Amino acid sequence: MAATTTKKTAAKTAAKKTAQPKPAAVKKAAEEPAFTGKKKILFVASEATPFIQTGGLAEVIGSLSKALAATDKFDVRVVIPLYSDIKKEFRDKFTYLGNLYVHLAWRNQYCGVFSYEKDGVIFYFIDNEFYFKRPGCYGYFDDGERFAFFSRAVLEIMPFLNFYPEVMHCHDWQAALAAIYLKTNYCFREEYQFIRALFTIHNIEYQGQYSLDILSSLFDIYGKYQYLVEYNNSINLMKGAIEVCERFSTVSPKYAEEIKDPYYAHGLDPIIRNNAFKLRGILNGIDDVGYNCELDSHLFANFTPDDMSGKAVCKKELQKMLNLPVKPDTPIISMISRLVSHKGLDLVTNVIEEALQDDIQLVILGTGDYQYESFFRALAQKYPDKVSANIVFNGDLSRKIYSGSDIFLMPSKSEPCGLSQMIACRYATVPIVRETGGLFDSIKPLENGYTFSNYNAHDMLYVIRQAVKDYKNKKEWSKLRYRAATSDFSWRKSAKDYENLYLEMLK
Ligand code: GLC
């Protein structure tokens, strides 16, 4: 099979890393479908559903590209690395388009190109086993080199595919170098000169920071461009992308404001403020077909906003499954989250025992820092009739929890957008959120949820108690959860905002 041959070639290349293989002649991928009259958009990202996912980024890449393609105005393509964790069931369907060699400083690395079309979007996969044949996506000592190779490959495959996008839309630090290489090297070549770069920050916490010592030897950035990526005596790839791109954006309007402030910016606030004239905030949507209480086959029972009888079944079965007493009138408060500090867990650990004095049940799903994992395990042991701690990542169970609970708690300290509060609404579970980032933009008090403003445990407790009290008022509660379930979190509006942003960039 072509894929196997490619892997062998990659392995050989990796072994002979210092050898300088002759670059393969650039061929054009003959079977490329033609999309005429549409604006050409290339997403550059490190993950995308349904192929590979570690967080919300992947969902946005998968669902936004699909929504843009559905407008029929854009020829949308996505490029991601071919990680070995991408399941065989997908790989078997990929088409091998060919291979080329990618230069990066003294390296000359094999780059296989695969493609797959889904929902009107063409996905490209960059194959190099030396960099991507490892479990997971990130967390390796050479992540900088891996994503430098990937970013360079993105620019090098353009002549190979004969596809030069009008907007190259790069997401998060792993794709920052694609924008940097475009604006420092490639834009001097005729074919690349009209490509605009948009850089989207999904989380400003991860910036891609490296020692300046490897500027040219690893990142292949010339000394004259050091000023673009240099920040606080280090290389900062996110900073570099912000400096070079025509526009940059965040995943909610509120977060676009927040990151001008040191409290949220993880050190980048001066850069954000200096470049604020080209910053936009566009709220993410979710795939409202994928998250649909009427159709979702993971649920114990389906239901609609107008007929919630199935939701009662979901709740009962969830209580049974998690060994909680089956009590239809006891509200279930759930959290589905990475168990890390910025998700607001310090607030929860502080006051949850006070909250448990009321007649409630608490369901936790997620993994993360040991201190929180062990806190919730101990809590479940202490309150076996009230608390279920599921310290795992499980997509099926998450949908059963979203649909079977009454209240969804998301008290993040910061949240660029957040998708879980929207998913909870889709399953008629009323969110309680802190007013930050996309939580502020998507959840409005008493319209479709509860909010609190200060990062304060007792402010949160007050709102939890309010929600638990309101839950007893069946008539009002059913109106509130109806409004939550019918809130519009589809991509329709936000895809339009991206459309306008692309058109603005192309003027
Ligand atoms: C990151 C952010 C999250 C956002 C997601 C998709 O994971 O932390 O808030 O929803 O990206 O943009």
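A backbone N or O atom of G418 lies 2.8 Å from an oxygen atom of the ligand, a polar contact in the sense used here (a pair of N or O atoms within 3.5 Å; within protein, one must be able to donate a hydrogen and the other to accept it, and residues adjacent in sequence count only if both atoms are side-chain atoms). On its own, the ligand has 310 Å² of accessible area, and the protein covers 90% of that; accessible areas come from the Shrake-Rupley method with a 1.4 Å probe, and for residues only the protein chains shown count as cover. The model is predicted, so local features need pLDDT of at least 70 and side-chain atom pairs count only at pLDDT 80 or more, while totals for chains, interfaces and linings use all residues. Residues are numbered from 1 along each chain as its sequence is written, and side-chain values use heavy atoms, with hydrogens and water left out.

An N or O atom in the side chain of H202 is 2.7 Å from a ligand oxygen, and one in the side chain of N284 is 2.8 Å from an oxygen atom of the ligand. The residues that surround the ligand are G56, L57, V60, H202, N203, V251, N284, E415, P416, C417, G418 and L419, where a residue is near a molecule if one of its heavy atoms lies within 4 Å of it. Sorted by class, this shell holds 6 nonpolar, 5 polar and 1 charged residues. Here Ala, Val, Leu, Ile, Met, Phe, Trp, Tyr, Cys and Pro count as nonpolar, Asp, Glu, Lys and Arg as charged, and the others, Gly among them, as polar.

The domain assignment gives domain 1 (7-285 + 494-506) and domain 2 (309-488), with bounds that come from an automatic or database assignment. Their C-alpha centres lie 35 Å apart. To the contact between them, domain 1 contributes 18 residues and domain 2 contributes 17 residues, with contact meaning heavy atoms within 4.5 Å. Because both domains give residues to the shell around the ligand, the ligand lies between them.

Helices (H or I, at least four residues) and strands (E, at least two) are DSSP runs, numbered from the N terminus. Since 8 of the 10 residues of α15 are buried, this helix is largely enclosed by the rest of the structure; buried means under 20% relative accessible area, exposed over 50%, and partly exposed in between (1.4 Å probe, protein chains only). The buried residues of α15 are L397, S398, R399, K400, I401, Y402, S403 and G404. Their cover includes α12 (309-321), β13 (332-336), β14 (361-365), β15 (387-390), β16 and α16 (420-426).

Leaving out residues up to four places away in sequence, S405 touches K311, L318, I332, S334 and T429.

Helix α8 (residues 237-244) is mostly covered too, with 7 of its 8 residues buried. These are L237, M238, K239, G240, A241, I242 and V244. At the start of α8, N236 brings a side-chain oxygen to within 3.2 Å of the backbone nitrogen of M238.

S374, in helix α14 (residues 370-382), is partly exposed, with a relative accessible area of 26%. A polar atom of the S374 side chain lies 2.8 Å from the backbone oxygen of Y370. Between S374 and I391, 17 residues apart along the chain, the C-alpha separation is 9.1 Å.

T49 and P50 are joined by a cis peptide bond, with omega about 5 degrees, and P50 belongs to the loop between β1 (39-44) and α2 (56-70). A105, in the loop between β3 (95-104) and β4 (107-118), has a positive phi near 50 degrees although this residue is not a glycine; A105 is partly exposed at 26% relative accessibility. H266 likewise is not a glycine and has a positive phi of about 50 degrees. H266 is found in the loop between α10 and α11 and is partly exposed at 43% relative accessibility.
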